[in-house]
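Student: I have a protein model to go through. Could we take it one question at a time?

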Amino acid sequence: MLFKLLSAIDSRVAIPKIDAHCDIPCRIYDPMTAQIAALSVVRLMDIMDETINGDGNALDQQNTIARCVGRKEEEAEKAKHEVRIIWGDYFKAPQIEAYPEVHELVHTIMQQASKCKQSIARENGENLLDSVNRFAEIFWATKGVETQSVIAPYPPALAVVQPILANA
């Protein structure tokens, strides 16, 4: 009934039709959240390695490991979630035509994040970060924004891709 009423109003009043590109207002997506999550995964793996190979009370070590495993799981899932949102909501035909590898890249990120949840191999975390960085490069390129690779100023001090911001 409501649909019929709105259709009747629409047929009599010239309301312009608009199409939205994104689920939310454009220009607020940013892959940095996924990059920070991937960096966190690597850092948590490092902390676990340091704890296992360090001196200390066994119970304290177990506590630290348990806490790191939980956080690592959350951060890997956060990376997956953030990439899925941008990929699903932002990437449309023009972006996909320009970067057709984005589908395979997102699938790879999903698998790599799962590997990070399944193990503590630092290489898996580094691979996840590399793929998320490539996703960030593609994302910013679709917006015509140049990027640069910089070393994160905190552990694990790995490279992240970021937009080159204009001077204010």
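Student: Which hand does the crossing of α3 and α6 have?
Tutor: This is a predicted model, and the answer concerns how α3 passes α6 in it. The residues in contact are V83, I86, W87 and Y90 on the α3 side, and V132, F135, F139 and T142 on the α6 side. The crossing is left-handed.

Student: How many nonpolar residues does the contact of α3 with α6 have?
Tutor: Sorted by class, this contact has one polar residue and no charged residues. The nonpolar residues in it number seven.

Student: Are α3 and α6 roughly parallel or roughly antiparallel?
Tutor: Two packed helices are described by the angle between their axes and the distance between the axes. For α3 and α6 the axes are 12 Å apart and the angle is about 30 degrees. Angles under 35 degrees count as roughly parallel. Therefore α3 and α6 are roughly parallel.

Student: How are α2 and α3 oriented, roughly parallel or roughly antiparallel?
Tutor: Helix α2 covers residues 32–53 and helix α3 covers residues 58–90. Their axes come within 8 Å and cross at roughly 160 degrees. An angle over 145 degrees counts as roughly antiparallel. So the orientation of α2 to α3 is roughly antiparallel.

Student: What hand does the crossing of α2 and α3 have, and how many charged residues are in their contact?
Tutor: The crossing of α2 and α3 is left-handed. Their contact has 14 nonpolar and five polar residues. The charged residues in it number five.

Student: Is S131 buried or exposed?
Tutor: S131 lies in helix α6, which spans residues 122–142. Beyond its neighbours within four places in sequence, S131 is in contact with L105, T108, I109 and Q112. The relative accessible area of S131 is 10%, and buried means under 20%. S131 is therefore buried.

Student: What percentage of the residues of the protein count as buried?
Tutor: The protein has 168 residues. It exposes about 10500 Å², and carbon and sulfur atoms supply 56% of that area. The share of residues that count as buried is 32%.

Student: In what order do the elements run from the N terminus?
Tutor: The protein has six helices and two strands. Among contacts with a separation of 6 or more, 68% come from residues 24 or more positions apart. From the N terminus on, the order of the elements is α-α-α-α-α-α-β-β.

Note on methods: Residues are numbered from 1 along each chain as its sequence is written. This is a predicted model: local features need pLDDT of at least 70, side-chain atom pairs count only at pLDDT 80 or more; totals for chains, interfaces and linings use all residues. Side-chain values use heavy atoms; hydrogens and water are left out. Axes are lines fitted to C-alpha atoms, for helices over the stretch in contact, and angles run from 0 to 180 degrees between N-to-C directions. Helices (H or I, at least four residues) and strands (E, at least two) are DSSP runs, numbered from the N terminus. Angles under 35 degrees count as roughly parallel, over 145 as roughly antiparallel, 65 to 115 as roughly perpendicular and the rest as oblique. A crossing is left-handed if the near helix is turned anticlockwise from the far one by less than a right angle, and right-handed if clockwise. Ala, Val, Leu, Ile, Met, Phe, Trp, Tyr, Cys and Pro count as nonpolar, Asp, Glu, Lys and Arg as charged, and the others, Gly among them, as polar. Buried means under 20% relative accessible area, exposed over 50%, partly exposed in between (1.4 Å probe, protein chains only). Contact means heavy atoms within 4.5 Å. Accessible areas come from the Shrake-Rupley method with a 1.4 Å probe; for residues, only the protein chains shown count as cover.
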